[in-house]
Every structure is written in structure tokens, then in C-alpha cells.
Amino acid sequence: VTVGVDAAPNNGLTLNAASTQICEGSSTTIDIDFSENGYSYQLRDDSDNSLIGAVVLGDGGTINLPTGNLTTTTTFNVLVTNGACSDVLSTTPIVTVDPLPDATITGLNAVCAGTTGVNYSVPFDATYTYSWTLTSVDGSINGSNTNDIVTIDWATTGGTLEVTVTGPAPTNCVSISNMVVAVGATSPPPNGNNPIAESYCQDSTLPSLDANTTSGATVNWYD
């Protein structure tokens, strides 16, 4: 009877994360220096040993094990196998995941023509930087475009308001969002240009009122 003996893996190999800090939704690799030729290396989540990606065979040099896109800070370990022998590399690298900035725009998405001083905002964080742009024929940014709040003067046409929010170093994670704003015809003041002034007896039935408008217009009634 011939019994084969497989060499035990070296569990002391140098193991590093290519990037130790990344943005949410990004990926990196766990790199192993001086991998043993023909040995199988499997990346795992150290919290539950769940498998990440496919096995990578050692080639005697540096091999790279992809982490996949990460949404939270993760500690990894690597299971190395050679035939009947297996071991876990002693180093457990950590990849810190920074959240993406919140770039949700709050503000009116429809205004009347000539409306000025309309504020739009995103959630504030003192560590973030902000950059607003407006694509519009005749609308304009009134004042600074580098705060969490921007003021827009609307004229006769709408446009697209976009904000870029950048998180702190070293990752400088970026979120970009936009809002399309429609500009409609100028509404009459509450007292109207042609107010209706009629007298009716108490408890009598009032006649219906009709407004002559163009298709798609919004009518506001005031008393």
C-alpha cells in the first residue's frame, strides 16, 4: 500500500488588502505574496467563514483574491488547501468601507414662471463638500453653489439641478443626484384679475364655476 503525504500549507504567508479603505459599493483585492505553487486559496468572510469569489491557485508569486463589491467594513481570512491538508492563513486583513454621502435633493420640482429665491438642499455634514450646477435656458443660481443649500431664480423655463457631494479623505466618496424642475405660467394673485363678486341668499345652492384654461393647466380657486 502506498500512502501519499501532502505537504501542509504555510499559514504564515504575507497577506494584505490592496486598499484598506474604500467607498461603499466598491471592491478591492486581498493579495498574498509568495503563494505556494498549485495550492488553492479561498477568500472568506471572517465573521462566518462564508466563501467570497472563486478559488485562486498559487503560482509561486503574488496572487489576488477579489473581495467583490462591499457595503460594510469586513474582516477576511483565507483558507489554503493542498490535497488532504488545509489551514487558515494567520493574518486577517480588514477593509474599512466608508458610506456614500447622502445627496438626496429636497425642494420644489415645479414652480411658477418668475419665481425667485427658491431653496434646494441636501443633508448637511461638516466633513462633506458640495457643488451645485444648473442646466437651464434662463434660470440661474443666486449666490454660492458650494453649500448644502442652493438658491435658484427661475425665469420662464425649467431645468435640471444637479449636486455633487464629496465625502472626506482618504476615500473622497462621491454621490451625484439631480432634480428636473418644471416652470409653468405665472399664477394670478389670490384676489385674481377678475374676482367674482356675487350675492346669494343664505342656504341657497350656488352655481358651478368654470375656468377657461389651456390644456394641462392647473386651476387654483380662492375665496
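I take helices (H or I, at least four residues) and strands (E, at least two) as DSSP runs, numbered from the N terminus. The model I am reading is predicted, with residues numbered from 1 along each chain as its sequence is written, and with local features needing pLDDT of at least 70, side-chain atom pairs pLDDT 80 or more, while totals for chains, interfaces and linings use all residues. Side-chain values use heavy atoms, with hydrogens and water left out.

Backbone entry. I looked up Phe34 in the loop between strand E3 (29-32) and strand E4 (40-45), and found its phi near 55 degrees, a positive value in a residue other than glycine.

Peptide bond entry. I noted a cis peptide bond between Ala169 and Pro170, with omega about 10 degrees; Pro170 lies in the loop between E15 and strand E16 (174-184).

Aromatic entry. I searched the whole structure for ring pairs (Phe, Tyr and the six-membered ring of Trp, centres within 6.5 Å; planes under 30 degrees apart are stacked, over 60 edge-to-face, the rest tilted) and found one. The ring centres of Tyr120 and Trp154 are 6.5 Å apart and their planes stand at 85 degrees, so I record the pair as edge-to-face. Tyr120 is in strand E11 (residues 118-121) and Trp154 in the loop between strand E14 (149-153) and strand E15 (159-166), 34 residues apart. Tyr120 is buried at 0% relative accessibility, and Trp154 is buried at 2%.

Methods
Buried < 20%, exposed > 50% of the residue type's maximum accessible area, 1.4 Å probe, protein only.
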